[in-house]
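Thank you all for coming.

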Amino acid sequence: MQHALPDTGTLYKAFFEKDSSFEGIFFTGVKTTGIFCRPTCTARKPKWEHVEFFPSAREALLNGYRPCRVCRPLEYKGEAPDWLRPLLDEVDSSAGIRLKDRDLKERGIDPSRVRRWFKKEHGITFQAYLRTLRITRAYGKIRYGDKVIDAAFDSGYDSLGGFTESFKKATGFSPNKSTRHQLITVTRILTPLGPMLAGATDEGICLLEFVDRRMIETQLSRLKRLLHADFVPGSNMHFEALQRQLEEYFSGRRKEFRLPLVLRGSSFQQDVWKALLTIPYGETRSYQEQALLLKRPDAIRAVAKANGDNRISIVIPCHRVIGKDGGLVGYGGGLWRKKYLLEHEAAHKDDPDGVSGDIHEREIQGNMGLPPAGQGGHG
Ligand SMILES: [Zn+2]
């Protein structure tokens with residue numbers, strides 16, 4: 001269960017003294033290596049300014065850290081059971097590994113047993129764990145500048161069609177090739193709901209998704225195909241605005257995003273996403289209402305599907321669509337996040353707008369054919 005952390009002084013002292021009474025109380029992430037440890041880790045201690053603290057292994061994983069091979073922080077409650085040991089070792093030593101239930105059975109391991117252990121010990125599924133490791137290996141070190149190159153080269157991340165290859169392409173980028181080969185720059189943005197992966201082209205934001213989301217890899221490969229693009233970690237002129245507006249949103253001061261968005265998909269999907277942008281902050285609609293708005297009253301299921309295919313979470317507020325009976329129904333990022341977002345918006349709905357509209361951003365938004373601010377009507 002989640003608990004509060006002791007004060008920072010206590011944490012540093014316990015960490016540097018390898019105080020075993022703090023086992024399970026906190027975990028340390030080392031920003032420069034992307035690895036997290038138990039307090040008692042015998043590996044060389046990092047510089048204090050590179051350390052951050054987490055109350056659970058789960059938090060560290062969700063923040064993009066992978067477990068240390070020396071102190072094995074996933075097993076702080078005791079050694080992993082014998083039957084699980086070889087599996088954890090295999091995952092440790094094979095970057096970017098994918099293991100389905102079938103693969104586990106082939107290794108003589110009962111998938112449901114693995115699932116139960118991860119759930120019970122870490123509150124995360126085994127598949128979510130593997131996914132987090134894969135995404136982390138490819139993108140986890142993005143915020144540490146030069147380390148990006150190392151991250152790309154040692155990620156072993158093949159599902160995006162050769163991350164290393166695309167990085168070479170990016171560095172040997174020549175103007176006359178640029179029309180044939182688009183780049184999607186990706187970065188990680190930390191939010192109160194966990195880290196998100198953001199992607200942008202020169203035109204605007206094309207991706208904003210929680211790192212641990214179940215469908216994230218599918219979304220990435222779809223995007224790559226739709227935009228005929230490769231991914232490169234780095235910075236993009238749109239990220240600064242996105243990050244600032246997200247901060248304002250999460251502090252309750254921003255009710256509308258003003259960002260150029262890249263919406264690619266079927267015309268039906270695009271209609272559904274644009275309809276989502278008309279749902280005002282703090283309000284909800286049902287799938288039925290959305291279908292009516294689109295003059296496709298029979299297409300409720302298709303509307304729900306296109307809703308789930310939204311790749312720009314929060315900014316395109318698919319979380320504002322709920323079931324006919326008011327139930328939360330599904331959310332790609334997990335129902336707990338949807339609940340948080342709706343409660344957050346309800347709590348700040350009547351606050352005065354804390355940010356003034358930026359005229360430049362407004363113009364960009366107008367050019368993208370999105371509904372202008374303040375006209376989010378109900379059709
Ligand atoms: Zn360690």
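Predicted model: local features only at pLDDT ≥ 70, side-chain atom pairs only at ≥ 80, totals over all residues.

**One residue and its neighbours**

Leaving aside residues up to four places away in sequence, Gln219 touches Arg213, Gly308, Asp309, Asn310 and Arg311, where a contact means heavy atoms within 4.5 Å. Gln219 sits in helix H9; helices (H or I, at least four residues) and strands (E, at least two) are DSSP runs numbered from the N terminus. With a relative accessible area of 1%, Gln219 is buried, on a scale where buried means under 20% relative accessible area, exposed over 50% and partly exposed in between, using a 1.4 Å probe and protein chains only.

Residues are numbered from 1 along each chain as its sequence is written, and side-chain values use heavy atoms, with hydrogens and water left out.

**The whole chain and its confidence**

The protein has 15 helices and 10 strands, and of its 379 residues 50% are buried. Among contacts with a separation of 6 or more, 64% are between residues 24 or more positions apart.

The average pLDDT, which is the predictor's confidence in each residue from 0 to 100, is 77 for the protein, and 78% of the residues score at least 70. Two stretches call for care when you look at the picture. Over residues 140–180 the pLDDT stays under 50, and the model has 68 contacts beyond four places in sequence for them. Residues 356–379 also have a pLDDT below 50, with 37 contacts in the model beyond near neighbours in sequence.

**The cores**

In soluble globular proteins, nonpolar side chains tend to be buried together. Here, the largest nonpolar core has 37 residues, and those with the most contacts inside it are Leu208, Leu242, Leu246, Leu261, Ile312, Ile314 and Val315; such a core is a set of buried Ala, Val, Leu, Ile, Met, Phe, Trp, Tyr and Cys residues joined through side-chain atoms within 4.5 Å. Two or more residues of this core come from each of strand E6 (194–200), strand E7 (205–210), helix H10 (237–250), helix H11 (267–276), helix H12 (287–293) and H13. The greatest contribution is that of H10, with 6 residues. There is also a second, separate core of 26 residues, which includes Tyr65, Ala80, Ala128 and Leu133.

On a 1 Å grid over the protein atoms alone, a cavity is a set of points where a 1.4 Å probe fits but cannot get out, whereas a pocket is an open set with protein on both sides within 12 Å along at least five of seven lines, and lining residues have an atom within 4 Å of a point. Grid points are joined across faces, edges and corners, and a volume is the space filled by probe spheres set on the points.

The largest pocket holds about 650 Å³ of space, and of the 34 residues that line it, Arg214, Tyr331, Gly332, Gly333 and Gly334 lie nearest its centre. H13 provides the largest share of that lining, 4 residues. By class, the lining of this pocket has 11 nonpolar, 11 polar and 12 charged residues, where Ala, Val, Leu, Ile, Met, Phe, Trp, Tyr, Cys and Pro count as nonpolar, Asp, Glu, Lys and Arg as charged, and the others, Gly among them, as polar.

There are 2 cavities of 30 Å³ or more. The largest cavity has a volume of about 90 Å³, its lining divides into 7 nonpolar, no polar and 4 charged residues, and H3 gives the largest share of that lining, 4 residues. The second largest cavity holds about 30 Å³ and is lined by Val262, Leu263, Trp273, Asn310, Arg311, Ile312 and Ile316.

**Two backbone details**

Most residues other than glycine have a negative phi, and most peptide bonds are trans. Lys295, in the loop between H12 and H13, has a positive phi near 60 degrees, and at 72% relative accessibility Lys295 counts as exposed.
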